[in-house]
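Hi everyone, thanks for making time this morning.

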Amino acid sequence: MSTPNAAVELLTHNLELHPEKIAYFCGDKELSFRELDKASRRFANLLQKLGIAPQEHVLIALPDCFAFPVTFLGCLLSGVVAVAVSPNLSEEDLAYIIKDCGARLLVALSELAAPLSVKGNKVNVIVCDDQGPAEDAISSEDFGTPYQPLTDDFAYMLYSSGSTAKPKGVPHRHKSLLLPGDLVGKSLLGLTCDDVIFSSSNLSFAYGLINSLAFPLRFGATAVLHPGKHDPRAILGIIMQRKPSIFFSVPTIYTQIILSCTVRELKLPMRLCCSAGEALPAAVFEEWQRLTGLEIIDGIGSTEMAYHFISNVPGKALAGSAGMLVPGYRARLVDDNGSDVPAGSEGSLLVNGDTKTPCYWNLPEKSAETILPDGFIRTGDIFIERDGFYFYRGRNDDLIKSGACWVSPFTVEEVLRSHPAVADCAVAAVSVGTLNKPGAFVVLKPGTVHTTALQRELRAHMMARLPKYMCPVRFRFMEKLPRTSTGKIQRFRLREKII
Amino acid sequence: MINELKELMLNIGVEERIVNEVGPDQTLAGRVMDSVDYTAFIVAIEERYGVKVTDRYALKLRTLNDFKNYINIGVE
């Protein structure tokens with residue numbers, strides 16, 4: 001059975017209604033819906049000329065610039081699965097993902113330092129500028145009929161960190177790009193073609209992908225892309241220049257804007273401010289409202305569910321809550337035995353809905369562990385529900401969400417253990433206010449003394465080897481770590497609960 | 001105490017040149033410390049001075065003088 005091609009659904013109506021309208025701003029440049037359509041078809045044509053067949057994988061490692069939607073939509077038009085990853089991945093992680101998904105083509109802003117091959121075939125690299133691949137080799141006119149997907153065909157795939165060091169591929173069907181437009185964009189946020197959307201979260205994340213690609217194209221709105229750093233000054237500068245009506249961001253950015261603000265009141269052009277990625281502290285909601293007069297609409301989603309399944313609603317947002325179940329989704333809070341918890345009790349959140357991934361790529365055991373036989377997905381989050389509102393209480397596994405990004409304790413521990421002073425270590429969530437951050441618990445080698453200088457050295461060691469958001473905010477020194485009788489570290493005993 | 005706070009900034013990895021240049025009434029967010037530094041700074045202050053910085057107060061602590069005043073109230 002066939003299903004609509006998401007790229008066709010998202011592009012065609014805009015071409016008919018307002019082809020010259022600006023689809024994207026990026027810096028001082030503009031891209032109209034007509035230009036977006038033409039460039040996407042050109043890229044689809046290139047894929048066909050390169051012999052990339054439908055359902056094969058192309059890896060897109062680009063920042064938020066025109067080239068991202070162009071190449072992403074071009075993949076979908078030709079039936080190729082667009083695998084979107086951060087452009088800031090190390091070459092080691094990039095190589096892992098390319099081999100895991102079997103990508104034959106990489107789209108990036110620069111060549112790889114060392115050539116890669118998958119199953120004996122060299123991985124080609126298309127180097128883009130911020131507009132897309134070079135024009136001279138390909139034409140949009142040669143592209144024929146867009147690919148007609150089958151219901152079970154994949155459209156795109158994202159990678160999500162797990163509690164082990166290796167990321168997991170999360171494939172999605174075409175409907176995962178289309179349904180959030182109705183379930184959240186229209187029904188909850190009231191998005192229209194008059195909106196200008198600015199998301200500080202990158203397109204390579206599920207949140208940013210729907211915010212900056214699915215939503216604007218679905219409604220014929222204009223989106224603002226920012227490939228640069230997410231510091232509060234740059235973000236406020238874009239907001240003042242482009243005057244978005246909708247701003248999507250994360251608690252860390254809202255906090256940093258509040259802290260960097262030297263005026264008593266901040267007049268902003270938005271009608272809606274939205275947040276996701278990690279729990280929004282009530283204090284941040286309240287201070288933002290005092291400063292700007294605007295609510296922050298917090299919600300929670302996941303890469304596995306493609307977008308939000310719990311969300312606040314404009315005009316009725318509740319500080320400290322992730323909101324209510326989005327109509328169209330189902331949720332349960334269960335205990336360790338899988339039974340529903342009594343009302344008002346903490347439970348592990350399971351969720352189900354039409355935007356869910358059917359599996360983790362090449363990980364049947366992990367898929368079976370996370371996606372239950374009845375279709376519900378274990379989120380790993382602990383919540384309390386009161387009067388329909390969900391309140392976040394932490395994780396029931398070792399993963400840490402810091403700055404809206406997943407942190408695998410294994411990855412951090414491996415780096416920490418490589419320091420000559422460290423005999424053993426564990427990384428677990430520590431609470432700072434109502435947010436979780438990675439905290440390090442360290443056993444030093446015999447004869448090594450815990451000093452301020454050593455602590456500075458450990459911190460510098462981590463920052464030189466890991467992205468900053470993964471670096472522990474605190475080092476606690478211990479005689480020994482809690483372990484099971486078989487020697488496994490019991491991180492849950494070190495984990496601090498959110499109060 | 002401002003010097004002690006600057007020592008903590010060095011401990012959490014803020015560049016020495018930036019720490020030397022920052023004034024006691026200069027806004028720290030963005031130019032001096034990013035979000036990760038801020039969190040590590042708050043944790044370091046909590047451990048050093050035995051005070052608890054709640055979310056509500058954390059949003060009001062913009063300068064080194066703000067932190068100094070908060071710590072002094074907490075310690076008293």
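**A walk through the model**

Let me start with one pair of residues: Phe25(A) has Glu30(A), in strand 2 of chain A, as its bridge partner. When I say helix or strand, I mean a DSSP run, H or I with at least four residues for helices and E with at least two for strands, numbered from the N terminus. This is a predicted model, in which local features need pLDDT of at least 70 and side-chain atom pairs count only at pLDDT 80 or more, while totals for chains, interfaces and linings use all residues. Residues are numbered from 1 along each chain as its sequence is written, and chains are lettered from A and ligands numbered from 1 in the order in which they are written.

Back to that first pair. Strand 1 (residues 22-26) and strand 2 (residues 29-32) of chain A run antiparallel and are joined by 4 bridges; strands pair here if DSSP finds at least two bridges between them. The hairpin they make has 2 residues between the strands, and Gly27(A) in this hairpin has a positive phi near 60°.

Now the sheets. In what order do the 6 strands of the open sheet in chain A come? The order is 8-5-3-4-9-10, and the pairing is mixed. Strand 8 (124-127) and strand 10 (168-173) of chain A are at the edges with a single partner strand each, so each has one side without a neighbour in the sheet. From one strand to the next, the twist averages 25°; for angles, axes are lines fitted to C-alpha atoms, for helices over the stretch in contact, and the values run from 0 to 180 degrees between N-to-C directions. Inside this part of chain A, strand 3 (residues 57-61) and strand 4 (residues 81-84) run parallel, with 4 bridges between them. Leu59(A) sits opposite Val83(A) of strand 4 of chain A.

Further along chain A there is an open sheet of 3 strands, ordered 24-25-26, also with mixed pairing. Its edges are strand 24 (422-432) and strand 26 (474-477) of chain A, each with a single partner strand, so one side of each lacks a neighbour in the sheet. Direction ignored, neighbouring strands of this sheet are turned by 30° against each other on average. Strand 25 (residues 435-444) of chain A runs parallel to strand 26 of chain A, and 4 bridges join them. Here Phe441(A) stands opposite Arg476(A) of strand 26 of chain A. Helix 11 (residues 409-417) of chain A lies across strand 24 and strand 25 of chain A, at about 140° to strand 24 of chain A.

On to helix packing. Two packed helices are described by the angle between their axes and the distance between the axes. Helix 1 (residues 6-17) and helix 6 (residues 206-219) of chain A pack at about 40°, with axes 8 Å apart. Leu10(A), Leu11(A) and Asn14(A) of helix 1 of chain A meet Ala214(A), Leu217(A) and Arg218(A) of helix 6 of chain A, where contact means C-beta atoms, placed from the backbone, within 7 Å.

Helix 5 (residues 175-186) of chain A also packs on helix 6 of chain A, at an angle of about 80° and with axes 9 Å apart. Helix 5 and helix 6 of chain A are therefore roughly perpendicular.

Ser200(A) is in the loop between strand 11 (196-199) and helix 6 of chain A. Its contacts include His226(A), His230(A) and Phe248(A). Asp387(A), in contrast, is exposed, with 9 other C-beta atoms within 10 Å, and is in the loop between strand 20 (377-386) and strand 21 (389-395) of chain A.

Last, the two chains together: 20 residues of chain B are in contact with 30 residues of chain A. Helix 3 of chain B gives the most to the side of chain B that touches chain A, with 6 residues. Thanks, and I'm happy to take questions.

Note on methods
A residue is buried if 20 or more other C-beta atoms lie within 10 Å of its own, exposed if 12 or fewer, and partly exposed in between; C-beta atoms are placed from the backbone. Angles under 35 degrees count as roughly parallel, over 145 as roughly antiparallel, 65 to 115 as roughly perpendicular and the rest as oblique. Lists of a residue's contacts leave out its neighbours within four places in sequence.
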